[in-house]
Amino acid sequence: NLGIFLNNQNRSEEAEPYLLSALDLRRKIYGENNINVAYPLSALVTVEINRGNFTRAAAYQEHVKSIWYATNPSHSGYATAMRDLGRLYGQMDRFEEALAECEMALDVYREVYGEKNSRVAQSLHIIAEVHYWQGSYQNAQNIEALALAMRREVLKPGNIEIRDSLELSAKIHFELGDLATAKRFIDEVLAMSAAH
């Protein structure tokens with residue numbers, strides 16, 4: 001917890017020794033493929049992302065995914081591990097792998113929570129992000145429209161995830177040359193920020 005707190009304060013260098021110590025202790029107590037080992041690994045993913053070391057972060061996240069798979073592959077935790085790995089792959093320009101991970105996560109979330117849920121919407125949003133990073137702007141727009149509509153339906157107004165969808169929608173429409181629609185999304189983001 002101290003390592004997570006320090007990392008949340010953008011003090012990754014200080015956080016890492018605590019997280020590595022927690023990881024070592026949990027491996028000794030629970031064994032290598034126990035869900036209790038996945039939690040400090042997930043925190044170390046964040047440390048490496050904050051450093052800009054996506055290769056190391058992906059290695060940690062792949063381990064998290066393997067632990068969840070060994071523990072319970074139908075659990076939402078496994079879907080989250082795949083989704084987060086997919087986003088990392090997308091940030092590393094490994095787009096095909098990114099989409100594969102995110103699509104599998106989406107399938108698990110739909111099976112566990114149904115068609116309309118914030119986790120389903122989050123997976124759709126990340127898939128849209130990957131298409132955006134890849135330069136597939138029309139695909140990104142089609143998928144983000146679904147994510148935004150679902151978020152508006154299942155989340156409270158002003159939720160930060162709605163803002164994330166609005167911001168991505170603005171970027172996509174800008175790239176598509178639809179500046180009026182991009183501005184409309186940005187205006188909504190600004191109004192939301194002013195209200196909160």
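Visitor: Where does aspartate 93 lie?
Guide: Aspartate 93 sits in the loop between α5 (76-91) and α6; helices here are DSSP runs of H or I with at least four residues, and strands are E runs of at least two, numbered from the N terminus. This is a predicted model, where local features need pLDDT of at least 70 and side-chain atom pairs count only at pLDDT 80 or more, while totals for chains, interfaces and linings use all residues. Residues are numbered from 1 along each chain as its sequence is written, and side-chain values use heavy atoms, with hydrogens and water left out.

Visitor: What is the phi of aspartate 93?
Guide: Its phi is positive, about 65°, although aspartate 93 is not a glycine. Aspartate 93 is exposed because its relative accessible area is 54% (buried means under 20%, exposed over 50%, partly exposed in between, with a 1.4 Å probe and protein chains only).

Visitor: Which value does phi take at asparagine 10?
Guide: Asparagine 10, again a residue other than glycine, has a positive phi near 60°. Asparagine 10 belongs to the loop between α1 (2-8) and α2, and its relative accessibility of 66% makes it exposed.

Visitor: Now the helix pairs. At what angle do α6 and α7 cross?
Guide: Two packed helices are described by the angle between their axes and the distance between the axes. Here α6 and helix α7 (residues 118-134) cross at roughly 165°, and their axes come within 9 Å (axes are lines fitted to C-alpha atoms, for helices over the stretch in contact, and angles run from 0 to 180 degrees between N-to-C directions). α6 is therefore roughly antiparallel to α7 (under 35 degrees is roughly parallel, over 145 roughly antiparallel, 65 to 115 roughly perpendicular, the rest oblique).

Visitor: Which residues make that contact?
Guide: On the α6 side they include Phe95, Leu99, Cys102, Leu106, Tyr109 and Tyr113, and on the α7 side Val120, Leu124, Ile127, His131 and Trp133 are among them (contact means heavy atoms within 4.5 Å). By class, the contact of α6 with α7 has 14 nonpolar, three polar and three charged residues (Ala, Val, Leu, Ile, Met, Phe, Trp, Tyr, Cys and Pro count as nonpolar, Asp, Glu, Lys and Arg as charged, and the others, Gly among them, as polar).

Visitor: Is the packing of α5 and α7 roughly parallel or roughly antiparallel?
Guide: The axes of α5 and α7 lie 9 Å apart, at an angle of about 15°. That is why α5 counts as roughly parallel to α7. Arg83, Gly86, Arg87, Gly90 and Gln91 of α5 meet α7 residues including Gln122, Glu129 and Trp133. This contact of α5 with α7 divides into three nonpolar, five polar and three charged residues.

Visitor: And how are α9 and α10 placed?
Guide: Helix α9 (residues 160-175) packs on helix α10 (residues 179-195) at about 155°, with 8 Å between the axes. The two are therefore roughly antiparallel. The contact of α9 with α10 has 10 nonpolar, three polar and three charged residues.

Visitor: How many aromatic pairs are there in the whole structure?
Guide: A pair of aromatic rings is described by the distance of the centres and the angle of the planes. The search of the whole structure finds three pairs (rings of Phe, Tyr and Trp, its six-membered ring, pair if their centres lie within 6.5 Å; planes under 30 degrees apart are stacked, over 60 edge-to-face, the rest tilted). Tyrosine 69 and tyrosine 78 form a tilted pair, because their planes stand at 50°, with ring centres 5.5 Å apart. Tyrosine 78 is buried, at 9% relative accessible area. Another tilted pair joins tyrosine 109 and tyrosine 113, at 6.2 Å centre to centre and 35° between the planes.

Visitor: Why are tyrosine 109 and tyrosine 113 separated by about one helical turn?
Guide: Because they are four residues apart in helix α6 (residues 95-113). Tyrosine 109 is buried, with 0% relative accessible area, whereas tyrosine 113 is partly exposed at 30%.
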